[in-house]
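Open the model in your viewer and keep the selection tool ready. The tour below goes from one selection to the next.

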Amino acid sequence: MRSVERQAAIRECVVPVDGSSTAPSLIQVLQPMPDFISYHNPDTMGYRVPDEPGFSVLTNRRPSRVLGSRVWLISGSARPRKYHLHFWFVADTVNELQDNDYQYCIKGSTGQRFAPPLSLTDFPWFRKLQRSKGNFSFGFSPVKDASIIRHLERFVDSPAGLTSGPIQTTRRRATVTDRILRDTAASARVKALHRYRCQICGATIRLPDGSLYAEGHHIQPLGSPHDGPDIETNILCVCPNHHVELDYGCRRIDISALRRVRSHRVESLFVDYHNTRVMSQTGV
Ligand SMILES: [Zn+2]
């Protein structure tokens, strides 16, 4: 990693904790998880991107640090080449394959499939990605440019994605019907950005079908009497325990101690609202 990128990565992953905090750790270091691009060329692979439930990609490169990372599958076909984004997912298993053209299969159960696939060909940032990847000759490789990832993240839970069919499996909907169904698009996006890790304690929950589960908390609550906005800067990704503590005003929010990721900023005005209005209203 070049030193400029390294500095940027360090800045992003060191979360200073408020000096007044009694927490034993004064500096919390979060490992930044790289995003990966997997490139699918139907001409050389001999088949189109499979349209099946679940997510998987094949590679011959031994994947390092891929578990828990997000993988974006892009295909290129026809001449001149047309490029499409088919899906993204969080990698949760890597299998070594035998008797196969490819050595490794990376799979995940949490992600989002775009049907039809989203056209990327004409985006200037995509052409930059294409150049940086040598026209995707590596097949599967990490993306180090944070601005490219921000562009890709705009598709996460976008209307284009939401109309594309089920994001989660129907089994997952059945398991946690109540909470999933009242999720807003903004909170779904915040949870995906945090890869379903609680911003307070870092915990995540794995459901029986293998997908990850977290909840979106509106810091200044939606609806009367609080009338908070349904926007990402007013949402935290949290575990169910911390969600209840926040809903009932049992816990102050220490903005400097929150776990952070790229592309998700928390607005301090909403945190102030929680720490004063929400907490006083519930009498804690
Ligand atoms: Zn938590």
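**A helix and its neighbours**

The buried residues of helix α4 pack against β5, α3 (124-132), β10 (140-143) and α8 (185-193). Bear in mind throughout that this is a predicted model.

Select α4, residues 146-153. Which of its residues are buried? They include I148, L152 and E153. These residues lie on the same side of α4, because they cover an arc of only 140 degrees around the axis. Now turn to the face of α4 that points away from the buried side: S147 and R150 are there, and both are exposed.

**From the helix to the strands**

Next, select β5, one of the elements that the buried residues of α4 pack against. Strand β5 covers residues 70-77 and runs antiparallel to β6, with eight bridges joining the two.

Follow the chain through the hairpin of β5 and β6, where four residues lie between the strands. Stop at A78 in this hairpin: its phi is positive, near 65 degrees.

Select β6, residues 82-90. How much of this strand is buried? Seven of its nine residues are, so β6 is largely enclosed by the rest of the structure.

Finish at H84, which has S119 of β9 opposite.

Methods: Residues are numbered from 1 along each chain as its sequence is written. This is a predicted model: local features need pLDDT of at least 70, side-chain atom pairs count only at pLDDT 80 or more; totals for chains, interfaces and linings use all residues. A residue is buried if 20 or more other C-beta atoms lie within 10 Å of its own, exposed if 12 or fewer, and partly exposed in between; C-beta atoms are placed from the backbone. Two strands pair if DSSP finds at least two bridges between them. The arc is that of the directions from the helix axis to the C-beta atoms. Two residues are in contact if their C-beta atoms, placed from the backbone, lie within 7 Å.
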